[in-house]
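I opened the model today and kept short notes. The entries go from the whole chain to single residues.

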Amino acid sequence: MGTQFTAIWIALLLSFPVVLYSRDDGLMRIGLKKKRLDQLGRRVVPGSVNFIPKEEGGGASKPAATKKYYNIGETEADIVALKNYLDAQYYGEIAIGTPPQTFTVIFDTGSSNLWVPSSKCYFSLACYFHSKYKSSASTTYVKNGTSAAIQYGTGSISGFFSQDSVEVGDLVVKNQGFIEATKEPGVTFLASKFDGILGLGFQEISVGNAVPVWYNMVNQGLVKEKVFSFWLNRNVEGEEGGEIVFGGVDPNHYKGEHTYVPVTHKGYWQFDMGDLLIGTETTGLCAGGCKAIADSGTSLLAGPTTVITQINNAIGASGIVSEECKTVVAQYGKIILEMLVAQAQPRKVCSQISFCTFDGTQGVSMNIESVVEESSDKSSDGLHDAMCTACEMMVVWMENRLRLNDTEDQILDYVNNLCDRLPSPNGESAVECSSLSSMPSVSFEIGGKLFELSPEQYVLKVGEGVSAQCISGFTALDVPPPHGPLWILGDVFMGRYHTVFDYGNLTVGFADAA
């Protein structure tokens with residue numbers, strides 16, 4: 001691999017701290033972008049599903065006669081500029097204490113705590129490459145001392161709680177609880193371009209039940225609208241890396257109307273998602289609905305291995321050969337196919353041939369440990385068995401091809417090909433840059449509307465010309481029921497679609513980014 005390709009993989013690893021239970025060195029500062037948003041446009045009253053953007057020239061678009069709207073007007077909204085590192089890390093600046101001590105953070109909707117390195121972090125190398133909070137230098141510091149630890153998808157931190165003022169753009173949040181990190185083990189945060197993480201998820205997943213920064217912004221009357229929104233620039237050469245708006249929506253960075261869906265489970269910004277299409281073909285697994293979260297702290301799009309494998313096959317991504325998968329196809333492929341043709345219940349097929357122990361609750365690819373249920377009890381050792389996993393995936397794949405009226409030979413050949421496309425253990429997959437023009441689009445059904453990603457939007461390209469290298473923006477993560485199957489719509493998706501997090505109405509909205 002070239003150094004650029006290696007760099008982007010490091011960046012992706014560092015910015016994939018999916019916290020599914022409850023991520024700059026100090027010399028590189030980005031400066032706060034502080035401005036007032038006047039006439040932000042029109043916002044929908046509770047129950048409606050659209051935002052009406054301003055028209056060119058500053059006038060607000062006229063709402064349809066059947067909808068009711070109210071005007072944000074002269075609302076003071078706080079904009080913080082984000083810096084973009086390789087389309088993989090988006091981070092901005094905050095300050096803690098009096099006088100202010102500055103830090104760069106990921107504004108992460110997939111977690112809920114604020115943490116920065118502590119001056120008392122002595123034995124973690126990562127702390128020496130990032131800015132550290134010094135409580136003795138702040139006149140507004142209040143001691144707490146309660147210990148805390150957070151386990152992310154690709155790293156962990158531990159330390160203790162403290163309290164101080166936190167400045168985000170022009171807003172000063174008083175008496176904010178946060179974690180001083182005294183341990184950042186491993187390499188996860190060592191080379192990151194950010195110092196810490198500012199979580200924007202719900203308090204339900206906050207470690208120590210700490211009140212999130214966003215909650216305090218609302219409770220202290222710092223924002224008039226209980227809304228924050230993201231624009232992520234997918235042009236790494238762009239002057240602006242992106243922005244987060246607290247208290248409103250910037251009409252300069254979206255087109256048309258937002259499609260809103262209700263938050264279905266407070267913790268993450270979770271909502272129901274419909275089918276996922278590769279080109280115009282359904283992938284099957286989410287035809288009856290899946291769960292999804294909008295996660296600004298995840299670089300890629302993460303989803304069930306079953307579907308990621310189908311996407312890999314469609315886009316020609318190289319993965320690893322699964323011998324278990326091929327063994328099941330060779331020995332039991334025809335039997336499974338005959339059972340499906342005979343209209344056996346798909347979810348019971350693998351138990352009927354003794355690959356899995358069916359209890360009515362397991363999903364596909366259950367052998368991959370879910371970080372949601374990391375410590376939960378499993379109903380059977382069979383759920384961890386690779387043969388069970390291969391069988392369950394095969395059932396989904398075969399069902400899809402039966403719907404297309406493929407022949408037996410065509411179906412078995414297709415399934416064998418998918419075995420070759422199973423992602424590597426870390427989920428990453430490389431693609432040929434020269435094949436972008438022939439790759440299909442991938443679409444997510446959200447709120448009854450298809451949100452399409454073109455190959456140029458879901459493939460991360462590093463370099464130009466013959467030296468260019470490309471990686472797929474899709475990675476595998478398996479979360480079993482009742483929490484899954486789950487899709488994590490990270491920066492690849494949020495870069496294409498401007499995203500609004502409406503805390504007041506408990507909805508998430510998406511519109512074309514501009």
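Whole chain. I counted 9 helices and 28 strands in the protein chain; these are DSSP runs numbered from the N terminus, helices being H or I of at least four residues and strands E of at least two. This is a predicted model: local features need pLDDT of at least 70, side-chain atom pairs pLDDT 80 or more, while totals for chains, interfaces and linings use all residues. Residues are numbered from 1 along each chain as its sequence is written, and side-chain values use heavy atoms, without hydrogens or water.

Burial and area. Of the 514 residues, 57% count as buried (under 20% relative accessible area; exposed is over 50%, partly exposed in between; 1.4 Å probe, protein chains only). The chain exposes about 20,600 Å², by the Shrake-Rupley method. Carbon and sulfur atoms supply 50% of that area.

Gln101. I found Gln101 in strand 5, residues 101-108. Gln101 is buried, at 13% relative accessible area. Its side chain reaches the backbone nitrogen of Lys134 at 2.9 Å. I then listed contacts (heavy atoms within 4.5 Å). Beyond neighbours within four places in sequence, Gln101 touches Ile94, Ala95, Ile96, Lys132, Tyr133, Lys134, Ala137 and Ser138.

Phe129. I placed Phe129 in the loop between strand 6 (114-117) and strand 7 (142-152). Phe129 is partly exposed, at 45%. With Tyr122, Phe123, Leu125 and Tyr128, Phe129 makes a nonpolar surface patch of about 660 Å². Patch residues have over 30% relative accessible area and no salt bridge, with nonpolar side chains joined within 5 Å and like charges within 9 Å. A salt bridge puts a Lys or Arg side-chain nitrogen within 4 Å of an Asp or Glu carboxyl oxygen.

Notes: Polar contact = N/O pair within 3.5 Å; in protein donor to acceptor, adjacent residues only side chain to side chain. Areas by Shrake-Rupley, 256 points an atom, 1.4 Å probe, with all protein chains shown as cover.
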